[in-house]
Amino acid sequence: MLPASTHRRRVLPFAAVAIAASLLAGVAQADTSTPADPKLIADLDAILADPRLATAQAGVQVVDTSTGQVVYQHQADALLTPASTLKTITSAAALELLGENHVFTTEVRTTGSRYSSVLNGDLILRGGGDPSLQPKDLDDLAAQVAAAGITTVTGRVLADGSRYDSVPLGPGWAWDDEAYSYSPQISGLTVAPDAEYSMDTVKVTVTPAATAGQPATVTLFPAEAPVKFAGQITTGAAGSGNTSGVERRRGVNELTLTGSLAVGSAPVTSFATVEDPTTYTGEVFAGALAKHGVRVLRPAKAATGTETSQTLVGHASRPLGELLVPMLKLSNNGIAEHLLKEIGKVKGNQGSWSAGVTQVNGFLKTNGLEQPTGRQVDGSGLSRYDLVSASKLTALLKLAPNKPWFKTWYDALPVAGNPAPLVGGTLAARMRGTAAENNVHAKSGSMGGVDNLVGYATAPDGRRLAFSVLVNNFPGARPRSVLDAIAVRLATGPAVTPPAPAAPAAPGLKSFNAPALHDAPAEVPATRWEECETFGRC
């Protein structure tokens, strides 16, 4: 809830603006001799007076990165739920602690002995934590095994995900999100079936039959995914639309199929998570081996991680600096969690959430960012346990331009209004036609009752302003236009009229349906958690 002073400000705006200007000027003068801008303070106060924030809590801070001056703040030290804006901390720590050239290496190793083309032992697929491993990469590894002259393996494919601990889901993650692609299980060995690196998922394609009343065809990619179907999707009459549903039952690899898809409709795709990503990846690799003529006599299973083995072939991921693009642009939760566990493994010799958080906290302390104290338990912000303040996030944004990795990080942030998915990302459809378009670089973050925006705006005079806007605990329509109005005001300069409150979200989006997520307009990337609230599933 906004403090009483805020409510008084709405009744007595001129008095409150004067008080705020006086307070902010004092803060600014502590850092530099430049006075605070009363017009900016008045404009941002007016934007935050939006009625959608009447019962919400908002933490806001704006800093001039060239001088360090705080030019505006409101409840800047309040601890709030960051959602995906936490990825700014995780990614910055990864760049600092691992380096932008860090790669993840997946190996194929052998046990036993080899006689001509026969391996009398097992093939171990040892995961190196690669969050971007795809079926085509596993196919390439299988081709390398065949090229090495192996045609028969008397044992198994052993899938080794032991680089990270055996805890698959983060602290405080919602149980009813487990089936959805924005909440993947985390393992040192996992596979992603798409170019956005939706790890630990299977792509489900529903194609209507040629005749109404017949069952639709449902296919999986990769085909080796250990997933079964229950129920059926039928083919509806022409013009009947799409009511199909694909839902994974919690704790098992079974997809429940419901509804219908109209005859003549284009195929519809969705993504569902898979239980036990390590073994799933091993089975996909076993299928790739078979395609390349390598016969494995026994079924794939999980390795213990203690097997004695020798390296045969390997695959290296793209460097970390490049992986930050899908992580930040598309708000990929899985990549963020892999980075956190990788930090723990490399710097603390333990690939766990707690070890990773310990190292991130050390990064913050080393850089003078430990205060105000917050709480981080995961890498993506998927957890409701995470707490951070606007002031800590702007402190990071103020620090970053002095780091050698800044350009990589800045370029990986979503760019407001840019329609290219890997440029605009989650901001592709926001702030178009304003001074913020192709100007503001910022990370958004949302879940039920949470809407945040953290990043940079370049003012008309060339100053780079760092801003953090965290809005929590609103019960109704998302105040997204309020967040955008603040960014636009910073990019535009004075004489901006705050926008009228946006209309409530359109009715009818009552339950998340994975196909509907991928039916989103092309200019709005369908990127799991970041847009889940649009579909009512947060």
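## A walk through the model

Let's start at Thr 190, which sits in the loop between β8 (157-160) and β9 (201-207). Strands here are DSSP runs of E with at least two residues, helices are runs of H or I with at least four, and both are numbered from the N terminus. Before going on, note that this is a predicted model, where local features need pLDDT of at least 70, side-chain atom pairs count only at pLDDT 80 or more, and totals for chains, interfaces and linings use all residues. Residues are numbered from 1 along each chain as its sequence is written, and side-chain values use heavy atoms, with hydrogens and water left out.

Is Thr 190 buried or exposed? Its relative accessible area is 2%, so Thr 190 is buried (buried means under 20% relative accessible area, exposed over 50%, and partly exposed in between, using a 1.4 Å probe and protein chains only). A polar atom of the Thr 190 side chain lies 3.3 Å from the backbone nitrogen of Asp 200. If you skip the neighbours within four places in sequence, Thr 190 is in contact (heavy atoms within 4.5 Å) with Asp 130, Leu 133, Met 199, Asp 200, Pro 277, Thr 281 and His 338.

Another loop to look at holds Ala 300, between β17 (295-296) and β18 (301-302). With 23% relative accessibility, Ala 300 counts as partly exposed. Ala 300 and Leu 158 are 142 residues apart in sequence, yet their C-alpha atoms are 5.9 Å apart in space. Leaving aside neighbours within four places in sequence, Ala 300 is in contact with Val 157, Gly 282 and Glu 283.

Now for the helices. Two packed helices are described by the angle between their axes and the distance between the axes. Take α4 (residues 87-97) and α9 (residues 353-366): their axes come within 10 Å and cross at roughly 80°. Axes are lines fitted to C-alpha atoms, for helices over the stretch in contact, and angles run from 0 to 180 degrees between N-to-C directions. That makes α4 and α9 roughly perpendicular to each other (65 to 115 degrees; under 35 is roughly parallel, over 145 roughly antiparallel, and the rest oblique). On the α4 side the contact is made by Ile 89, Ala 92, Ala 93, Glu 96 and Leu 97, and on the α9 side by Gln 359, Val 360, Phe 363 and Leu 364.

Over in helix α3 (residues 38-48), the buried residues include Leu 40, Ile 41, Leu 44 and Ile 47.

Last come the aromatic rings. Rings of Phe, Tyr and Trp (its six-membered ring) pair if their centres lie within 6.5 Å; planes under 30 degrees apart count as stacked, over 60 as edge-to-face and the rest as tilted. By this rule there are 7 aromatic pairs. Tyr 180 and Tyr 182 have ring centres 6.2 Å apart and planes at 20°, so this pair is stacked. Both Tyr 180 and Tyr 182 are buried. The rings of Phe 406 and Tyr 456 are edge-to-face, because their centres are 5.8 Å apart and their planes at 85°. Phe 406 is in helix α11 (residues 406-412) and Tyr 456 in strand β21 (residues 450-458), so to speak distant parts of the chain, 50 residues apart. Phe 406 is buried at a relative accessible area of 9%, and Tyr 456 is buried too, at 1%. Together with Trp 405, Trp 409 and Tyr 410, Phe 406 and Tyr 456 form one aromatic cluster.

Methods:
Polar contact = N/O pair within 3.5 Å; in protein donor to acceptor, adjacent residues only side chain to side chain.
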